[in-house]
Amino acid sequence: MSSIIQINHLKKSFGNNEVLKDVSLTVKKGEIVTIIGSSGSGKSTLLRCINLLEKPTAGEIIYNGENVLTPGYNLPKYRTHLGMVFQSFNLFNNMDVLENCITGQVTVLKRNREEAKKIAIENLEKVGMSRFLNAKPAQLSGGQKQRVAIARAVSMNPDVMLFDEPTSALDPEMVGEVLKTMKDLTKTGLTMIIVTHEMGFAKEVSDRVIFMDKGVIAEEGTPEQIFNMPKGERTKAFLHRVL
Ligand code: ADP
Ligand code: MG
């Protein structure tokens, strides 16, 4: 498998606070990578640097062989290749479900409305939300909103999907439906980078698990390696706390 995103020696500071300290990570096409670690370890910052919602202080992000941090690189185009799902849904509250999934396709990708609508409906069907096309986000449960957010992101045909704790804001009874939707997505060949506190899910779907601690990748490996035979003391202590 060839790499789709390669992160080399990435650093990010906020003032004097160095939040990412020399993070390097290569993600292969089709790979499912989960990122685990304590709150404040830099997981969100890493995702936000990957899609350049935050500008790294140093390092390289190589996408399809090119460093996206090179001056003049087409960042708006780059961002269209990345889908992002946030903890807080971030749907457009003034638009109904269908329009949420159409608008980016029309404005950013310049698809015609009919094609965009067809793609939106297909993806809403896949996440079990086709009965809610004309509902407004305020009428939906958290789990339903998050499934719409996933359908919206997938409708943009991203090369890579980034998830930042997509189930952390949900009532417990809704976590399962969102994890199932994500699990279905792992089977489509899409590359996924998922920050999660759901250890069972991480163990089940990941090709590789990254454990972050205090701004570094403290350990990485297959789910078996990380969950059943962690090597580092910090990994063991974290898993002891959360499992
Ligand atoms: P995690 O997602 O693992 O909980 P974050 O990446 O959100 O960790 O945060 C790591 C550290 O970076 C925290 O100490 C947080 O306060 C700091 N941080 C994150 N975003 C900002 C920001 N926009 N401005 C200042 N500090 C930030
Ligand atoms: Mg976070």
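The structure shown in the following views is a predicted model.

**View 1. Composition of the shell around ligand 1.** The shell consists of Phe14, Asn17, Val19, Ser38, Ser39, Gly40, Ser41, Gly42, Lys43, Ser44, Thr45 and Glu54. By class, these residues comprise 8 polar, 2 nonpolar and 2 charged members. Helix 1 contributes 3 residues, the largest share of the shell. At least two shell residues come from each of strand 2 (17-28) and helix 1 (43-50).

**View 2. Polar contacts between the protein and oxygen atoms of ligand 1.** An N or O atom in the side chain of Thr45 is placed 2.5 Å from a ligand oxygen atom. For Lys43, a polar side-chain atom lies 2.7 Å from an oxygen atom of ligand 1. Gly40 takes part through its backbone, with an N or O atom 2.7 Å from an oxygen atom of the ligand. Of the 550 Å² of accessible area that ligand 1 has on its own, the protein covers 59%.

**View 3. Burial of strand 3.** Strand 3 (residues 32-36) is largely enclosed by the rest of the structure, because 5 of its 5 residues are buried. Burial here denotes a relative accessible area under 20%. Both faces of the strand are covered: one side carries Ile32, Thr34 and Ile36, the other Val33 and Ile35, and all of these residues are buried.

**View 4. Pairing of strand 3 with strands 8 and 9.** Strand 3 runs parallel to strand 8 (residues 191-195), with 4 bridges between them. Within this pairing, Ile32 has Met192 of strand 8 as its bridge partner. Strand 9 (residues 208-213) is likewise parallel to strand 3 and is joined to it by 4 bridges.

**View 5. Backbone of His9 in strand 1.** His9 is located in strand 1 (residues 3-14). Although His9 is not a glycine, its phi is positive, at about 50°.

View 6. The relative accessible area of Phe89 is 14%. Because this value falls under the 20% limit, Phe89 is classed as buried.

Conventions. Residues are numbered from 1 along each chain as its sequence is written. Chains are lettered from A and ligands numbered from 1 in the order in which they are written. This is a predicted model: local features need pLDDT of at least 70, side-chain atom pairs count only at pLDDT 80 or more; totals for chains, interfaces and linings use all residues. Side-chain values use heavy atoms; hydrogens and water are left out. A residue is near a molecule or strand if one of its heavy atoms lies within 4 Å of it. A polar contact is a pair of N or O atoms within 3.5 Å; within protein, one must be able to donate a hydrogen and the other to accept it, and residues adjacent in sequence count only if both atoms are side-chain atoms. Accessible areas come from the Shrake-Rupley method with a 1.4 Å probe; for residues, only the protein chains shown count as cover. Ala, Val, Leu, Ile, Met, Phe, Trp, Tyr, Cys and Pro count as nonpolar, Asp, Glu, Lys and Arg as charged, and the others, Gly among them, as polar. Buried means under 20% relative accessible area, exposed over 50%, partly exposed in between (1.4 Å probe, protein chains only). Two strands pair if DSSP finds at least two bridges between them.
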